[in-house]
Amino acid sequence: MVRFIKENITKMLETKIISKSEVLYAGGDDGDTSPATKVFQDFQIKEKNGGGGLVRSWVDSMRACSPTHLKPFDNQSSWIKEHPSALNMFEEILHESEGKQIVMFLDYDGTLSPIVDDPDRAFMSNNMRNTVRKLAMCFPTVIVSGRSREKVYSFVKLTELYYAGSHGMDIKGPDQNSKYKKKTQSLLCQPATEFLPVISEVYTKLVEKTKSVKGAKVENNKFCASVHFRCVDENKWSDLAHLVRSVLKNYPKLMLTQGRKVLEIRPIIKWDKGKALEFLLESLGYENCTNVFPIYIGDDRTDEDAFKILRDKRQGLGILVSKYAKETNASYSLQEPDEVMDFLERMVEWKKLTSGE
Ligand SMILES: O=P(O)(O)OC[C@H]1O[C@H](O[C@H]2O[C@H](CO)[C@@H](O)[C@H](O)[C@H]2O)[C@H](O)[C@@H](O)[C@@H]1O
């Protein structure tokens with residue numbers, strides 16, 4: 001079992017699907033000396049010390065990414081020069097995409113809808129929905145989310161889109177109305193079905209274990225689960241992280257990544273939003289194509305996998321939604337969902353003008 005996990009982590013590190021800092025938890029030891037050993041030694045040391053170090057590193061990492069610890073950039077800072085506003089650079093972006101088929105990839109939370117305290121009430125505005133509807137008439141459009149596909153669909157409510165839920169582990173094409181719909185079946189890919197029972201089990205245990213922590217919320221995202229820290233007093237974050245660890249230490253086939261005030265429990269498989277992007281481009285018939293231009297817009301650490309693929313392939317571009325300077329593989333930035341909407345509207349207007357509609 002432990003060898004299986006190490007091999008998977010090793011593969012993920014080698015193929016740069018994950019970086020060392022992204023692997024926050026895994027269990028066990030069998031004396032293996034694979035490239036993942038160092039990561040495991042860190043885990044073991046932290047685990048042997050009662051997991052205190054492990055929990056501290058999760059909490060520190062989450063704290064470091066929270067707005068109270070990040071500084072908004074000013075327009076002169078080097079960060080904004082390196083990741084200029086996609087609105088200010090609109091003409092340059094169009095120039096880069098000239099003669100190529102644009103494919104749009106949109107994260108949901110923090111990109112199409114503002115971040116709110118209650119994850120069940122992260123609604124998208126009607127204006128944003130109309131914009132995304134128009135966008136999908138102009139370009140193949142995919143929603144990529146950490147949420148379950150069903151849940152994100154219940155917020156977006158547009159049948160003409162592709163949806164990649166559970167961080168890309170559940171991909172489905174449009175049912176109707178899309179000129180980009182492939183003739184093949186609409187359910188495209190579910191690479192983690194064998195993990196459904198274990199995710200369901202761990203979700204139930206996490207709900208039970210964390211119910212004593214005021215404000216904690218566990219969300220079942222079908223192929224993964226989220227433990228929300230947003231409404232928990234910051235002084236209690238360590239307690240909550242300890243509870244999460246106490247459940248997860250019994251599940252060595254699961255790993256933990258981090259989002260915005262959330263810990264995400266996922267299967268250890270070679271799959272993420274970047275892989276989903278590659279898979280979708282292939283499904284749309286753009287495999288090995290030089291004339292495709294994917295634009296991926298997202299706000300979260302999990303979106304970095306997709307930004308990195310685009311950067312490494314020198315194909316299309318990534319746009320980070322953030323008011324704060326953050327380490328990112330995205331090329332451009334937008335500050336908030338309202339700016340995302342402006343950017344998407346401009347894409348639609350430009351497409352209408354150039355196609356003479
Ligand atoms: O990939 P995404 O669509 O960005 O999903 C990532 C997580 O988003 C949601 O959590 C985040 O948004 C919540 C609502 O605004 C907020 O309360 C929470 O603090 C954020 O982390 C979603 O609830 C998670 O399940 C997703 O994994």
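How many of the 7 residues of strand S1 (residues 101–107) are buried? In this predicted model, 6 of them are, so strand S1 is largely enclosed by the rest of the structure.

**Strand S1 and its partners**

Strand S1 is paired with two other strands. It runs parallel to S10, and 6 bridges join the two. It also runs parallel to strand S2 (residues 141–144), to which 4 bridges join it. Leu-106 has a partner in each of these strands: in S10 its bridge partner is Ile-297, and in S2 it stands opposite Ile-143.

**The protein as a whole**

The protein has 12 helices and 12 strands. Of its 357 residues, 54% are buried. Among contacts with a separation of 6 or more, 63% are between residues 24 or more positions apart. The accessible surface comes to about 16000 Å², and carbon and sulfur atoms account for 48% of that surface.

**The ligand and its surroundings**

There are 22 residues around the ligand, of which Val-116, Glu-219, Arg-230, Arg-260 and Lys-273 come nearest.

| Residue | Part of the residue | Distance to a ligand oxygen atom |
|---|---|---|
| Val-116 | backbone N or O atom | 2.5 Å |
| Glu-219 | side-chain N or O atom | 2.6 Å |
| Asn-221 | side-chain N or O atom | 3.0 Å |

Taken alone, the ligand exposes 560 Å², and the protein buries 99% of that area. Strand S7 (225–228) and strand S9 (262–267) are the elements that give two or more residues to the shell around the ligand. Sorted by class, this shell holds 10 charged, 7 nonpolar and 5 polar residues.

**Helix H11**

Helix H11 covers residues 304–313, and its buried residues are Glu-304, Asp-305, Ala-306, Phe-307, Ile-309 and Leu-310. What do these buried residues of H11 pack against? Their neighbours are helix H10 (273–283), strand S10 (292–298) and strand S11 (317–321). After H11 comes Arg-314, whose phi is positive, near 50°.

Arg-133 lies in helix H6 (residues 126–138). Is Arg-133 buried or partly exposed? Its relative accessibility is 34%, so it counts as partly exposed; the cut-offs for that class are 20% and 50%. Leaving aside residues up to four places away in sequence, Arg-133 touches Leu-158 and Glu-160. Arg-133 and Leu-240 are separated by 107 residues in sequence, and their C-alpha atoms are 40 Å apart in space.

Thr-290 is found in the loop between H10 and S10. Thr-290 counts as exposed because its relative accessibility is 70%, and the cut-off for exposed is over 50%. Thr-290 and Lys-100 are 190 residues apart in sequence, while the distance in space is 8.0 Å from C-alpha to C-alpha.

Definitions and conventions. Residues are numbered from 1 along each chain as its sequence is written. This is a predicted model: local features need pLDDT of at least 70, side-chain atom pairs count only at pLDDT 80 or more; totals for chains, interfaces and linings use all residues. Side-chain values use heavy atoms; hydrogens and water are left out. A residue is near a molecule or strand if one of its heavy atoms lies within 4 Å of it. A polar contact is a pair of N or O atoms within 3.5 Å; within protein, one must be able to donate a hydrogen and the other to accept it, and residues adjacent in sequence count only if both atoms are side-chain atoms. Accessible areas come from the Shrake-Rupley method with a 1.4 Å probe; for residues, only the protein chains shown count as cover. Ala, Val, Leu, Ile, Met, Phe, Trp, Tyr, Cys and Pro count as nonpolar, Asp, Glu, Lys and Arg as charged, and the others, Gly among them, as polar. Buried means under 20% relative accessible area, exposed over 50%, partly exposed in between (1.4 Å probe, protein chains only). Contact means heavy atoms within 4.5 Å. Two strands pair if DSSP finds at least two bridges between them.
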